Amino acid sequence: MPALHNRIEGRLLKEKMQRADEQRKTISFYRYHQLADPAAFRNELYLGLDKINTLGRIYVAHEGINAQISVPENEFEAFKNYLYSIPWLYGVRLNVAVQDNGKSFFKLKILVRKKIVADGLDDNTFDVTNQGEHVNAAEFNKLAEDPNTLIVDMRNHYESEVGHFKGAILPDVDTFREELQVIEDLMRDQKNKTLLMYCTGGIRCEKASAWMKHIGFKNVFQLNGGIIKYAQEVKENGLKNKFIGKNFVFDERLGERISNDVIAHCHQCGKPCDDHTNCKNDGCHLLFIQCPECATQFN
């Protein structure tokens with residue numbers, strides 16, 4: 001039986017990926033679905049995706065799947081056909097990266113988790129299917145212009161630091177789990193307002209919008225497909241872009257530019273910069289913003 005995990009050292013795979021000139025598409029997708037045996041599905045999925053040279057990171061749980069991957073452009077139709085051959089994934093929305101160098105991932109990693117997003121919620125205490133109404137880019141823009149609307153960024157502070165929607169509430173949190181409590185506390189007395197939520201690709205808003213309805217918000221909306229889909233719709237339909245800066249992504253690229261605005265600053269010298277990097281100090285590995293000059297100076 002073929003191996004169901006990568007056996008080559010990550011460093012070598014990363015070097016191979018950087019040298020490759022293969023054209024690849026970076027894609028994200030998710031779906032909530034009750035899986036009786038996530039481990040068995042995980043193994044089946046690994047075999048299917050590995051055959052078509054898929055790379056990326058996928059979480060599988062009893063509640064469904066959350067995937068960020070890349071596939072060779074010439075295998076995209078084969079990938080789509082395989083994915084859609086799985087009955088509960090047929091027609092799942094595929095968010096294709098806005099800005100892509102084809103080097104987002106260097107190996108395939110599929111993990112079985114308790115949840116596909118760590119939200120800290122007990123799903124048995126509320127109706128997770130009673131979600132906020134999905135809106136497209138045009139509808140989002142219209143709602144955003146209403147003074148009765150609260151726009152809420154459901155991402156972490158290091159994501160919103162480099163890019164966000166104009167006028168959005170940006171919680172200073174490190175995790176999604178923290179954010180739900182912060183948002184609930186911030187808005188306890190504003191339940192008569194229209195709540196407009198967004199995140200990278202939409203998955204965090206699915207559960208968050210249901211929770212906000214559960215605690216008493218009546219008018220809850222979420223951006224369909226998140227920032228990734230919004231950027232595509234704005235471009236395709238000639239709409240006004242209300243997102244400024246970069247969209248942070250959880251792969252080797254660490255970001256895709258949505259507008260030319262640089263709204264963040266180098267954490268070392270303070271000059272305008274929105275390029276994230278991982279600290280190479282083994283005792284740190286902190287994700288921070290660093291300009292090219294400081295990268296050279298501090299090695």
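Residues are numbered from 1 along each chain as its sequence is written, and side-chain values use heavy atoms, with hydrogens and water left out. Because the model is predicted, local features need pLDDT of at least 70 and side-chain atom pairs count only at pLDDT 80 or more, whereas totals for chains, interfaces and linings use all residues.

Helices and strands are DSSP runs, numbered from the N terminus (helices H or I, at least four residues; strands E, at least two). Helix α7 covers residues 203-214 and has twelve residues. From its first C-alpha to its last, α7 reaches 18 Å, close to the 16 Å expected at 1.5 Å a residue. The expected span is 1.5 Å times one less than the number of residues. Burial was assigned from relative accessible area (buried under 20%, exposed over 50%, partly exposed in between; 1.4 Å probe, protein chains only). Ten of the twelve residues of α7 are buried, so the helix is largely enclosed by the rest of the structure. Just after α7, Gly 216 takes a positive phi of about 120 degrees.Strand β11 spans residues 243-247. Five of its five residues are buried, and the strand is mostly covered. Strands pair if DSSP finds at least two bridges between them. Strand β8 (residues 163-165) is joined to β11 by three bridges, and the two run antiparallel. Within this pairing, His 164 has Ile 244 of β11 as its bridge partner. Strand β12 (residues 256-257) is also antiparallel to β11, with two bridges between them. Here Asn 247 is partnered by Glu 256 of β12.

A pair of aromatic rings is described by the distance of the centres and the angle of the planes. Rings of Phe, Tyr and Trp (its six-membered ring) pair if their centres lie within 6.5 Å; planes under 30 degrees apart count as stacked, over 60 as edge-to-face and the rest as tilted. The whole structure holds 13 aromatic pairs. One of them, Phe 76 with Phe 79, is tilted, at 6.4 Å centre to centre and 35 degrees between the planes. Both residues lie in helix α3 (residues 76-84), three residues apart, and are therefore separated by about one helical turn. Phe 76 is buried at a relative accessible area of 14%. Phe 79 is buried at 0%.

The rings of Phe 165 and Tyr 198 have centres 4.6 Å apart and planes at 80 degrees, so this pair is edge-to-face. The pair links distant parts of the chain, with Phe 165 in strand β8 and Tyr 198 in strand β9 (residues 194-198), 33 residues apart. Phe 165 is buried, at 1% relative accessible area. Tyr 198 is buried as well, at 0%. Ring pairs also link Phe 165 and Tyr 198 with Phe 140, Tyr 230 and Phe 243 into a cluster.

Charges over rings were assigned by position (NZ of Lys or CZ of Arg within 6 Å of the ring centre and within 35 degrees of the ring normal). The charged end of Lys 25 sits over the ring of Phe 76, 5.3 Å from its centre. Arg 113 lies over the face of Tyr 59, at 4.2 Å from the ring centre.

A disulfide is a pair of cysteine sulfur atoms within 2.5 Å. By this rule, the count is zero. Cys 199 is in no disulfide, and the nearest cysteine sulfur, that of Cys 205, is 3.5 Å away. Cys 199 is buried, at 1% relative accessibility.
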